[in-house]
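Biologist: I am new to this one. Please show me the structure, and then I will ask about its parts in turn.

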Amino acid sequence: MAKPNIICVDDQRDILATLKKELLFFRDLIKVYYCESAEEAATIMDEIDAESEHVAVIVCDHVMPGKSGVDFLSEVKDDNRFPNTKKLLLTGLATHEDTIEAINKAKIDRYIGKPWETHDLINKIRVLLTEYILEEGLDYNDYITILDQDTLYAQLRKTM
Amino acid sequence: MNKTGKLYIAIIIPLIVWLIPTDFIPIEGLTIVEHRVIALFILAALFWILEPVPIYSTSILIMVLLLVTVSDHSLIFFKVGVDEPGFGSLIRYQDIMGNFASPIIMLFLGGFFLAMAATKYRLDINLANVLLKPFGNKPKYVLIGIIAITALFSMFMSNTATTAMMLALLVPVLALFKPDDRGKIAFGLAVPFAANVGGIGTIIGTPPNAIGVRYLSGEYAIGFGQWMAFALPFVVIMLAFLWFILLRFYPVETESIDLKIGGKFLKSWKAIVVYCTFAVTLLLWLLDFLHGMNAYIVALIPVAVFSVTTIITKDDLKRISWDVLWLVAGGLALGLALERTGLAESIVESIPFGDFAPMLIVACACLITIIMSNFISNTATANLLLPIMVALGTSIPGLYEIGGLRYIVLTVTFACSLGMAMPISTPPNALSYASGFFKTNDMLKMGIIIGAVGLTFAYFYLYILADVIDVL
């Protein structure tokens with residue numbers, strides 16, 4: 001079935017471990033994948049797409065060996081399999097130019113600096129997840145407990 | 001049980017019913033066509049109750065199956081023996097398909113257009129702002145305001161859209177309440193409950209009302225104004241009770257509530273057209289006895305006005321809840337099949353209802369309805385139960401004496417909207433529950449009280465009024 005998934009990409013294992021703990025919030029309803037490189041993430045996204053599931057949100061670090069976060073997210077943006085996928089850049093080391101690239105080329109949806117606040121990260125992911133589910137027309141009732149209420153209200157007000 | 005399991009059950013049981021010989025079914029003089037309709041009715045019931053597929057898709061499935069198996073242009077295979085006695089009469093395919101354009105559907109289309117235009121030009125939120133002001137900032141009175149405005153809006157907009165709008169206003173304020181202030185629960189429950197109850201207020205308030213009206217034709221027909229004349233007092237009394245009971249169980253500790261709603265009424269010409277159309281449509285609906293146009297025809301006027309003025313654009317059209325219209329259309333087709341084949345009456349006649357007191361029959365009907373509507377969609381409940389109620393109302397002589405068709409159809413229609421004890425009962429319940437201001441138990445407790453009181457009240461209230469509706 002058409003389930004939404006979340007993908008986290010960071011080359012540092014301890015950061016992935018922290019994310020794993022924090023994103024337990026989504027555990028019951030959404031599968032979260034943790035990848036150590038952009039290449040690994042791309043492979044997993046291929047598999048998810050092949051199963052006709054959804055890549056709803058990508059949480060991605062910028063400075064990584066191999067492909068950089070912004071480059072990876074730019075590729076996702078241009079990939080017609082993931083037109084609505086939401087992109088969150090989680091980084092402490094992006095230069096001014098990287099940031100410009102991230103907004104103009106990768107069209108990222110949110111930017112969070114390291115170190116981050118857990119509730120802020122979760123809330124931002126919830127908003128993005130809600131937007132994705134509504135844009136893709138998935139049944140929001142299945143995920144209603146973890147969605148961002150304000151985003152949901154704003155949308156439901158408009159549907160008759 | 002997973003969806004696949006449910007799907008199997010919902011297919012296999014009707015299939016068994018379909019396959020058993022017609023003579024085995026204990027209904028006198030059952031025809032082959034009627035037998036098929038029974039199987040399809042069971043299929044619809046199981047699909048709507050177990051929900052292996054979305055409820056609107058069940059509707060279209062039913063319509064297609066009716067066309068393929070019991071229409072006058074059905075599959076050649078299903079027409080073997082058509083001239084033999086005991087086959088029964090087939091239904092004109094145009095009549096089955098015609099349900100997509102039933103006057104009831106047009107009524108809802110009109111309602112959607114009005115609500116959509118009101119939201120687009122911020123009439124709803126600005127009106128809420130103006131109407132909430134007189135209630136000040138004492139929580140007790142703000143709660144009345146919230147209840148009254150939610151109910152008022154849900155009479156013309158969908159209950160879900162109303163709930164979403166009111167919660168968007170309330171949630172930021174409730175978040176400021178002290179963590180242990182139980183007043184949050186009162187507000188959290190007030191919105192969905194007022195939306196559910198408020199929907200009863202007009203024919204377009206919620207789909208079950210319109211379906212109920214569809215089954216009251218000819219001498220029993222009810223107009224828009226007539227409906228409001230008896231439904232509105234019911235709604236107002238229920239809302240007052242809701243307010244009382246919420247404050248009683250969940251007193252608000254916070255001293256003052258400050259709802260912040262920004263914005264001014266729009267003044268562009270399009271906005272003015274929206275205000276005027278809204279007012280004129282409402283007036284025309286209420287004054288149908290003066291001008292002769294019925295509610296269905298009036299409903300199409302805003303559709304024309306908003307389309308011509310591009311207040312509702314091509315893109316907006318896509319956002320209309322076609323699923324709701326399909327859900328209703330499929331139910332109407334099912335009802336038509338039960339009616340045309342005479343099946344509903346055959347079933348009623350084969351059960352010795354005559355032995356029961358008519359008031360008891362109505363009481364049982366209401367109880368079954370409210371239980372079902374607590375677990376499944378209100379519209380699906382109406383789709384399944386109202387055709388049977390019509391048969392009961394027309395064929396039981398005892399029932400005829402106590403207000404007959406109108407009494408049983410209206411009480412059951414009201415009961416469809418009164419099931420609200422669980423988050424899954426209605427979309428407004430689910431939405432409000434997700435905001436996290438109350439626990440399932442609070443909703444269960446209050447929902448049962450409101451449901452029980454509302455049902456009992458409707459039962460006696462409509463008993464008194466059923467005979468005099470024409471005078472209203």
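This is a predicted model: local features need pLDDT of at least 70, side-chain atom pairs count only at pLDDT 80 or more; totals for chains, interfaces and linings use all residues.

Modeller: Residues are numbered from 1 along each chain as its sequence is written, while chains are lettered from A and ligands numbered from 1 in the order in which they are written.

Biologist: How many of the 7 residues of strand 3 of chain A are buried?

Modeller: Helices (H or I, at least four residues) and strands (E, at least two) are DSSP runs, numbered from the N terminus. A residue is buried if 20 or more other C-beta atoms lie within 10 Å of its own, exposed if 12 or fewer, and partly exposed in between, with C-beta atoms placed from the backbone. Strand 3 of chain A covers residues 54–60 and is largely enclosed by the rest of the structure, because the number of its residues that are buried is 6.

Biologist: Which residue of strand 4 of chain A is the bridge partner of A:Val59?

Modeller: Two strands pair if DSSP finds at least two bridges between them. Strand 3 of chain A pairs in the parallel sense with strand 1 (residues 4–9) of chain A over 6 bridges, and there A:Val59 stands opposite A:Cys8. Strand 3 of chain A also runs parallel to strand 4 (residues 86–91) of chain A, joined by 4 bridges. In strand 4 of chain A, the partner of A:Val59 is A:Leu88.

Biologist: Which helix lies in the β-α-β unit with strand 3 and strand 4 of chain A, and what is the hand of that unit?

Modeller: A crossover is right-handed if, with the strands pointing away from the viewer, the path from the first strand over the helix to the second runs clockwise. The unit made with strand 3 and strand 4 of chain A is right-handed, and its helix is helix 3 (residues 69–78) of chain A.

Biologist: Are the residues of strand 4 of chain A buried or exposed?

Modeller: In a regular strand the side chains alternate between the two faces of the sheet. A:Lys86, A:Leu88 and A:Leu90 point one way from strand 4 of chain A, and A:Lys87, A:Leu89 and A:Thr91 point the other way. Strand 4 of chain A is largely enclosed by the rest of the structure, because 6 of its 6 residues are buried.

Biologist: Which residue of strand 5 of chain A is the bridge partner of A:Leu90?

Modeller: Strand 4 of chain A runs parallel to strand 5 (residues 110–113) of chain A, and 4 bridges join them. The partner of A:Leu90 in strand 5 of chain A is A:Ile112.

Biologist: Which helix of chain B supplies the largest share of the side that touches chain A?

Modeller: Two residues are in contact if their C-beta atoms, placed from the backbone, lie within 7 Å. The contact takes 18 residues from chain B and 12 residues from chain A. On the side of chain B, helix 5 (103–120), helix 8 (159–174) and helix 22 (427–434) each supply at least two residues. The largest share, 7 residues, comes from helix 8 of chain B.

Biologist: What separation do the centres of domain 1 and domain 2 of chain B have?

Modeller: Domain bounds come from an automatic or database domain assignment. For chain B that assignment gives domain 1 (1–99 + 322–343) and domain 2 (103–318). Taken over C-alpha atoms, the centres of domain 1 and domain 2 of chain B are separated by 36 Å.

Biologist: Is B:Val80 buried or exposed?

Modeller: B:Val80 is in the loop between helix 3 (55–70) and helix 4 (93–97) of chain B. Because 9 other C-beta atoms lie within 10 Å, B:Val80 is exposed.

Biologist: What is the phi of B:Thr310?

Modeller: B:Thr310 lies in the loop between helix 14 (295–308) and helix 15 (314–318) of chain B. B:Thr310 counts as exposed, because it has 10 C-beta neighbours inside 10 Å. Its phi is positive in a residue other than glycine, near 50 degrees.
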